[in-house]
Structure formats: C-alpha cells, structure tokens
2 protein chains.
Amino acid sequence: MNVHGKHYRTIWLKEDDDTVVQIIDQRPLPHKFVIEDLHTVDDVARAIKDMHIRGAGLVGATAGYGMYIAALHAPKDSAEAFTAQLVADGEKLKATRPTAVNLEWAVHRQLDAIAAVGDNIDTKIAAAKNIAQTIADEDADFCRRIGEHGVSIIEEISKRKNGEPVNILTHCNAGWMAFVDYGTATAPIYAAHDRGIPVHVWVDETRPRNQGARITAWELNEHGVPHTVIADNVGGHLMQHGMVDMVIVGTDRTLYTGDVANKIGTYLKALAAHDNGVPFYVALPSSTFDWTKRDGVKEIPIEERGADEVKYINGLYNGEVVSVLLTPADSPATNYAFDVTPARLVTGLITERGICDASEEGVLGLYPEKRK
Amino acid sequence: MNVHGKHYRTIWLKEDDDTVVQIIDQRPLPHKFVIEDLHTVDDVARAIKDMHIRGAGLVGATAGYGMYIAALHAPKDSAEAFTAQLVADGEKLKATRPTAVNLEWAVHRQLDAIAAVGDNIDTKIAAAKNIAQTIADEDADFCRRIGEHGVSIIEEISKRKNGEPVNILTHCNAGWMAFVDYGTATAPIYAAHDRGIPVHVWVDETRPRNQGARITAWELNEHGVPHTVIADNVGGHLMQHGMVDMVIVGTDRTLYTGDVANKIGTYLKALAAHDNGVPFYVALPSSTFDWTKRDGVKEIPIEERGADEVKYINGLYNGEVVSVLLTPADSPATNYAFDVTPARLVTGLITERGICDASEEGVLGLYPEKRK
C-alpha cells in the first residue's frame with residue numbers, strides 16, 4: 001500500500017544489494033517512518049522478537065527472508081555443515097515468537113526447499129532466495145484474494161444501509177503492516193473503500209502495545225479510509241447501540257476446528273458481538289491454519305511478554321518518541337499477548353479460497369486436501 | 001486506608017487548624033503524593049471541578065466540607081445575610097460537576113441543617129461542621145458495611161482454595177480514593193486482607209483515563225494488598241483459564257431493576273464472567289440506586305468526553321508527569337465514558353444493607369420502603 005504517496009511492501013530485498021533485507025521498523029509508528037536494514041540472522045531474529053515487525057504474515061515472510069540470509073552466511077564447505085547451520089538458524093528464528101504458527105511454517109518450507117534441490121550450495125542459496133520471494137508474493141496475493149472474497153459481505157450490508165457507511169470494528173493490526181501487502185482484516189475494507197462502498201472503521205487501540213491506535217489508524221489514515229480510534233473498552237457499548245455492523249479481525253493461529261487465537265482482547269469483542277447479533281469474521285490465509293490441534297483454549301500456547309509493556313507506553317512528546325511510566329513503579333503487571341476465541345462465537349472465516357463456517361466441516365470443505 | 005504505613009481518609013480537617021480542609025490531590029497519583037489545603041469555597045470548587053478529587057462519595061463529602069468552609073467565611077451580622085451567602089456558595093459548588101447527584105444532595109443536607117438550628121451564627125457554623133463530619137463518617141461507614149457483607153463471599157471462595165489467594169478482578173477505581181475510606185468494590189477486598197484471608201487483585205488498567213493503573217494500583221500497593229496491573233484486554237483470557245475467582249466493580253448508577261452503569265468496559269468483563277461461570281458482583285451504597293428507570297441500555301444517558309483523553313496519555317518521564325500523543329495526530333477518536341451491564345450478567349449487588357440479586361425483587365427486598 002502507499003506511504004506518503006509511494007507504494008511499499010512491508011519487507012523487500014534492498015534495491016542495490018540483494019544480500020540485505022529491508023523492513024519498515026514499526027516501533028516508532030505513527031510518529032516516524034523508519035526503514036531498517038537486516039544483514040544477519042541475529043538481526044532478523046531481533047527484528048521479530050523485539051517486534052520491529054509483527055503480524056502473522058509478515059513474521060512468516062520475515063522468517064523466509066531470514067532463512068535466505070542464513071543460507072548466505074552458512075558454511076559452504078559441505079552440504080551437511082550448511083544444512084546443520086540452517087537447521088540451527090531455523091530453530092533460532094522459530095524461538096522468537098511461540099504463538100506465531102507462520103514462523104514455523106516458513107522455516108520448514110525453506111528447509112524442505114533447500115533440501116530438495118540437491119547438494120550444490122549455490123543452488124541451495126538460489127532456492128532460499130526464490131522461496132523467500134515466493135512466500136512474500138504469495139502472502140500479498142493471498143491477502144488480495146481475501147479482500148476479493150470479504151468485500152462481498154461488506155457490499156451486502158451496504159445495500160441495507162442506503163448509502164450510510166458500513167461500520168466495521170477491528171482489533172489490533174491485521175492490516176498490510178501485519179503482512180506483506182493488503183492485510184487480512186483490512187483487505188475487504190480496502191477493497192470496499194476502493195470500489196466506492198462507504199465504510200467507517202472503529203479502530204480498537206489494542207493495549208498494551210497499541211497496534212490499533214498506532215499502526216491500523218496510521219495505515220487507514222494513509223489510505224484515506226474514514227476511521228475512529230477507540231479505547232479497547234468501548235466496543236461492547238457501540239454494539240449495544242447498533243453502531244457496529246460487523247467485526248473483522250485477523251488471527252495468529254486458527255485451528256481447523258474454528259477456534260481462533262488472536263491479539264489479547266479479541267475474545268471480549270467476540271462475546272459482545274455474539275451478545276448483540278453482530279457478525280464476527282476472522283480473515284486469514286491458509287498458512288495461519290493449525291491442522292493438528294482441536295481445542296484452542298486448552299492447546300494453543302499463549303505468549304507472556306514483559307511487564308514493562310504494560311507499565312510503560314511510548315508516545316510523542318516534544319517531537320520525540322518517549323516512554324512514560326503509567327503505574328506505581330513497584331506494582332507488578334502481567335502481559336498475556338493473545339487469547340482464544342472459541343469457534344462458537346465466530347460467524348465465519350474469510351480465506352484466500354473463500355468464506356466458510358468456523359467449524360471442522362466448514363474449513364475442510366474449503367481445504368479438502370487436509371481431510372485425514 | 002494506609003499510605004506509607006499511616007492511616008488516611010481522602011478528606012479531613014487539618015489537625016492544628018480546623019478552619020482548613022485537607023485532601024489528597026489525586027492528579028499526580030501514583031507518581032507523587034500531594035496533600036492540598038483548601039481554605040476557601042473557591043478552593044473547594046476548583047478541587048471538585050478540576051478533579052483534584054473525584055468519585056461519587058468523595059465529591060459529596062467534599063461538597064459537605066465546602067459548605068462548612070462557606071459558613072466560616074459568610075457574613076456574621078445577620079442570619080439572613082449569612083444564609084444568603086451559603087445559598088450562593090452552594091450554587092457555586094453544585095455547578096462544578098452538574099451531573100454528580102451526591103453534590104446536590106450534600107449541599108442541600110447542609111442548607112437544611114443550618115436552617116434548622118435557629119438564628120445564632122455560631123450555632124449554625126457548629127452545625128455545618130457537624131454535618132460535614134457526619135457526611136464523611138456516614139460515607140466511610142456505608143463503605144465499611146459493604147466490606148463486612150462482601151467479605152463473606154471472599155471467605156466462602158477462600159475455603160475452597162486451601163490457602164491459595166482468592167483472585168479478584170476489578171475495573172476502574174471504586175476504591176477508597178473514590179469515597180472517604182474503604183471504597184465500595186475494594187471494601188470487601190480490604191476487609192479480607194485485614195482479616196488475613198489471602199487475596200490477589202487483577203487491576204484493569206481502565207483506559208482511557210487509567211483509573212485502575214493509576215489509582216487502584218496505588219491504593220492497593222500502599223495498603224499492601226497483592227495485586228497485578230493488566231491491560232483491559234486481558235480479563236477474558238484469565239477467566240478462561242480459571243485465574244479469576246470473582247469480579248467486583250463499583251457503579252455510577254444502578255437501576256432498581258439491576259442494570260448497572262459503570263466505567264466503559266465493565267460490560268465486556270461481565271460477558272466474560274458469564275461465559276466462564278465467574279461470579280460478577282457490583283458494590284454500591286444505596287445513594288447510587290436510580291429508583292425511576294427500568295432499562296439501563298435504553299434509558300441511562302452515557303457521557304461522551306473529549307477525544308484527547310484517548311489520543312494522549314499522562315505518564316512519568318524524567319521525574320515529571322507529561323502528556324504524550326499515542327495516535328496519528330489527525331486520526332479522530334471517540335470517548336464514551338460509561339457502559340451498561342444488563343442485570344442478567346450480574347451475580348449480585350453488595351450494599352450497606354447486605355447482598356441481593358440484581359433484580360427488582362432482590363433490590364426491593366433489601367429496600368422495602370421503595371416499593372410503590
């Protein structure tokens with residue numbers, strides 16, 4: 001999508017040096033726009049772990065590029081040593097964010113591809129570069145297709161509203177900044193906006209890291225989509241008063257049974273949507289499905305992050321992004337990053353193949369090759 | 001309750017000069033503990049209007065003391081001139097927070113008492129002092145009694161937990177800082193803690209004004225009650241995983257039918273409690289009941305506050321409390337201050353008279369004089 005009128009992806013190979021990966025550092029957004037160079041696997045691991053980038057698709061794409069960088073720097077004297085280093089680097093990348101299924105998926109896709117091309121190291125490096133680019137291209141293409149499918153739901157609601165904007169609530173950032181382009185939750189919104197369907201987005205602030213207030217608001221603002229930032233506490237009240245026509249969120253991991261892991265607080269919005277008859281959709285590419293687990297609340301590991309992300313917050317003060325203390329200095333804080341929304345609260349899943357029920361039957365209907 | 005190991009109320013007469021009212025200035029909390037002297041009616045009006053103090057009970061008590069200060073400074077040459085000045089000062093105090101019902105109640109209670117004691121000015125001043133103290137004492141006593149009733153619920157849960165702490169989630173600040181002492185939601189918690197029942201409080205941050213992270217965390221910390229600050233998004237996840245034994249919140253207005261208006265986001269926690277079988281209690285003195293309306297969602301007006309409370313936040317930076325920008329500068333924000341939790345989601349109401357169902361039958365059972 002566009003930033004200051006110029007098209008960007010969220011990750012790419014440097015134009016004049018394809019051994020360097022470039023990303024938009026999301027930490028100083030929306031106040032400053034910073035492009036960061038990643039030279040080593042440690043740079044990539046740090047960028048994922050410390051959330052210079054975040055979001056299911058982008059974490060996967062970054063891990064894909066990370067494995068290409070790993071291949072560039074792995075020992076070249078034997079295929080065994082080369083592969084052993086790549087396996088170790090893959091483990092390092094996988095360890096950065098425990099809940100993100102795309103990370104594991106991208107690392108293994110790379111390892112499989114690199115193994116499949118024979119023992120020539122240069123061929124392996126070329127394969128890693130090719131797969132990294134392919135993962136990024138597929139991510140963008142899948143998101144574009146999610147937009148094509150999801151826009152039909154918005155269009156349908158719009159027909160009933162006689163030209164009034166369709167009010168869509170979203171939580172966290174499942175926008176293009178969480179993927180390579182378009183986003184998942186935002187893809188139908190951008191598609192609707194670009195087709196002239198009037199939309200208005202309620203942007204959940206998304207404490208503690210404020211991905212909504214900082215990133216979703218920023219990208220909607222850049223693209224000219226009408227939106228309003230709200231505290232995470234507000235959505236239930238809006239739904240009680242008919243001010244939300246639908247909810248669309250992304251997901252970090254969705255089970256084939258329909259249980260959805262997403263940013264902490266998603267479950268609360270799903271409960272409110274269910275209580276008020278508001279449709280609650282989850283948009284995801286197939287790479288975000290977990291085909292092994294059945295019970296999300298019991299089986300999905302939930303990352304616990306540092307207390308300081310709750311106790312301090314970044315904001316703009318006198319032209320600089322500074323961190324301010326919000327709580328008593330010695331009060332403890334706990335910081336679970338995700339929660340699980342049970343399938344019973346989800347109206348439907350919007351995937352690159354189409355829309356389905358959040359149920360084993362629904363998901364396997366779209367992905368019959370996953371039937372056991 | 002205790003601050004730095006010493007017992008305080010939120011408002012009192014200065015020890016060596018009973019013509020001066022002292023309050024804890026809540027604006028710099030939790031970062032700085034400041035006691036403020038109020039000498040004149042204008043000082044008192046400013047303290048209420050600019051929210052040096054806030055909270056239903058404390059606003060009423062402060063108005064009560066304000067009328068005593070008014071009496072001290074009113075013309076002493078005739079009862080008529082004295083009373084006229086008090087009526088004018090009462091109007092000034094009532095105008096500070098026009099929706100705060102306790103304000104009007106305290107002013108009129110003072111005017112009635114001052115009129116009732118005859119024409120001697122010194123007797124009138126003594127009456128004003130007496131009523132100011134009585135309002136404060138009654139507020140503290142009602143809260144203490146809420147604690148006595150509510151602690152039985154905590155005690156019951158504690159028996160099942162074999163010495164493990166009872167985990168209580170609260171939203172916003174219905175602590176002693178919103179009243180004269182004890183608080184409402186916190187009163188059962190302080191009572192349990194003081195009796196040696198192990199408790200641990202999950203403190204909802206309570207965006208956008210962070211009354212939880214700033215004030216509830218501070219008062220629990222000062223009194224030595226184990227607690228953990230969480231983002232407002234986290235409560236649902238904790239309840240899904242058995243980490244919350246009960247929820248207790250305060251209320252700004254509760255209908256006699258059981259519908260509860262409280263700080264925005266309360267409804268979301270009530271939904272999660274209901275979905276996970278966690279008891280959800282609302283603590284209130286009888287002055288907070290609305291005996292006229294029946295349907296909270298439809299009939300209770302919800303205050304909409306300024307967007308900058310969402311877009312900016314105060315925090316400690318380099319030893320000073322500063323305001324930082326969180327969102328894109330030109331993104332709009334909306335700021336509803338309260339929401340309504342329907343009675344069907346409320347396990348019970350804890351009042352100074354006891355605990356009852358959140359229903360017309362339950363409430364009128366405790367307050368039979370309100371039957372029509």
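**Helix packing, chain interface and backbone features**

In chain B, Val41(B), Asp42(B), Val44(B), Ala45(B) and Ile48(B) of α1(B) meet Asp89(B), Lys92(B) and Leu93(B) of α3(B), contact being taken as heavy atoms within 4.5 Å. By class, this contact has five nonpolar, no polar and three charged residues, where Ala, Val, Leu, Ile, Met, Phe, Trp, Tyr, Cys and Pro count as nonpolar, Asp, Glu, Lys and Arg as charged, and the others, Gly among them, as polar.

The model is predicted, with local features requiring pLDDT of at least 70 and side-chain atom pairs pLDDT 80 or more, whereas totals for chains, interfaces and linings use all residues. Residues are numbered from 1 along each chain as its sequence is written, chains are lettered from A and ligands numbered from 1 in the order in which they are written, and side-chain values use heavy atoms, with hydrogens and water left out.

Between chain A and chain B, the contact takes 63 residues from chain A and 63 residues from chain B. The count between the two chains is four salt bridges, each defined as a side-chain nitrogen of Lys or Arg within 4 Å of a carboxyl oxygen of Asp or Glu; one salt bridge joins Asp275(B) to Arg344(A), with the closest N and O atoms 3.0 Å apart.

As to the backbone, most residues other than glycine have a negative phi, and most peptide bonds are trans.

Note on methods
Helix = DSSP H or I, 4+ residues; strand = E, 2+ residues; numbered from the N terminus.
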